[in-house]
Amino acid sequence: MTDRYAVIGNPISHSKSPLIHAQFARQTGQDLIYEAISAPLDGFRDTVLALRDEGYRGMNVTVPFKFDAFQLATQLTVRAQAAQAVNTLKFGGTEIIGDNTDGAGLVADIERNLGFILQGKRVLLMGAGGAAYGVVLPLLTAGAIITVANRTEDKAYQLAALFSAHGPIQGSSYIALAGSQFDCVINATSSSLAGALPPLPRGESASSFSSSPDASFVIEKNAKCGGIFASHALAYDMMYGKETPFLVFAKEQGAARLADGLGMLVEQAAESFFLWRDIHPDTAAVIANLRLI
Ligand code: ATR
């Protein structure tokens, strides 16, 4: 019998997950169907339990239900516990296993697809909401040295304190970032959804320096001084689908590489697929296909 899975959210019609999992299933010869299902905002639990009773084998969970899924799970993986959010459910008898594959998806995209090794790298993580919590532990496990900055400063300090036992992490305001440089800057805020840019300190351009009357030094044309991006830096926006204000800013400030979150989306899906089916799909082919759509 064909196994059934779904992604559950509200709204959900925009989700690319059915497309991604259909490609994984074709590729690996797995007999399954995967649908997108909307749950009422106050009806996540009832919807999931009804689907499980109908015979569904697992679910992906997206906005705004990741915390509801965290509460519904009867068993949590370590990374779901750390994230305090669940994006993958697996049903087995009376147990509901809750996992969070977002951070593993991000790390896989950065390291495997983009070839950027995180071990020992200075990483600036912007945001201290659900998206940021979901990725901190896998980033620390990969060896990143994290500064987390948030508009509401206290939330950055709280997040850093919570994870400090797992690796090097400190909280910061945006203003206090001036003068620091990072090898990798990750936008885990929801700013891109609103077409906004987090208040990052700007580097000065060469032209504004050379116009200074007492400038007694020469700077390479277009070089940036005092910006947050190290010369080889990767700028990563967890949002995908368009050039975000953050990626435009990063390019202008001299980041060497820019990436949106499409690879992360496919990699987190592959981690869920592995949890359910015990087989790793080929993500590169699926990412390449989605880029064409
Ligand atoms: P998500 O689940 O997407 O993380 P969230 O939990 O509501 O959503 O968190 C949104 C994050 O984006 C927060 O860190 C928020 O900063 P505040 O805690 O100060 O609200 C951040 N954010 C949203 N819009 C932003 C903007 N324009 N500039 C900087 N940070 C922004």
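A polar contact is taken here as a pair of N or O atoms within 3.5 Å, where within protein one atom must be able to donate a hydrogen and the other to accept it, and where residues adjacent in sequence count only if both atoms are side-chain atoms. The structure is a predicted model, in which local features need pLDDT of at least 70 and side-chain atom pairs count only at pLDDT 80 or more, while totals for chains, interfaces and linings use all residues. Residues are numbered from 1 along each chain as its sequence is written, and side-chain values use heavy atoms, with hydrogens and water left out.

Oxygen atoms of the ligand lie 2.7 Å from an N or O atom in the side chain of Asn150, 2.5 Å from a polar side-chain atom of Thr152, and 2.6 Å from an N or O atom in the side chain of Lys155. Of the 640 Å² that the ligand exposes when taken alone, the protein buries 70% (Shrake-Rupley method with a 1.4 Å probe; for residues, only the protein chains shown count as cover). The ligand is surrounded by 15 residues (a heavy atom within 4 Å), and the closest are Ala131, Asn150, Arg151, Thr152 and Lys155.

Buried denotes under 20% relative accessible area, exposed over 50%, and partly exposed the range in between, with a 1.4 Å probe and protein chains only.

Trp276, placed in helix 10 (residues 262-277), counts as buried because its relative accessibility is 9%. Although Trp276 and Arg57 are 219 residues apart in sequence, their C-alpha atoms are 7.9 Å apart in space. Thr244, which is placed in the loop between strand 13 (229-237) and helix 9 (245-252), likewise counts as buried, at 0% relative accessibility, and the side chain of Thr244 is joined to that of Asp237 by a polar contact of 2.7 Å.

Conventions
Helices (H or I, at least four residues) and strands (E, at least two) are DSSP runs, numbered from the N terminus.
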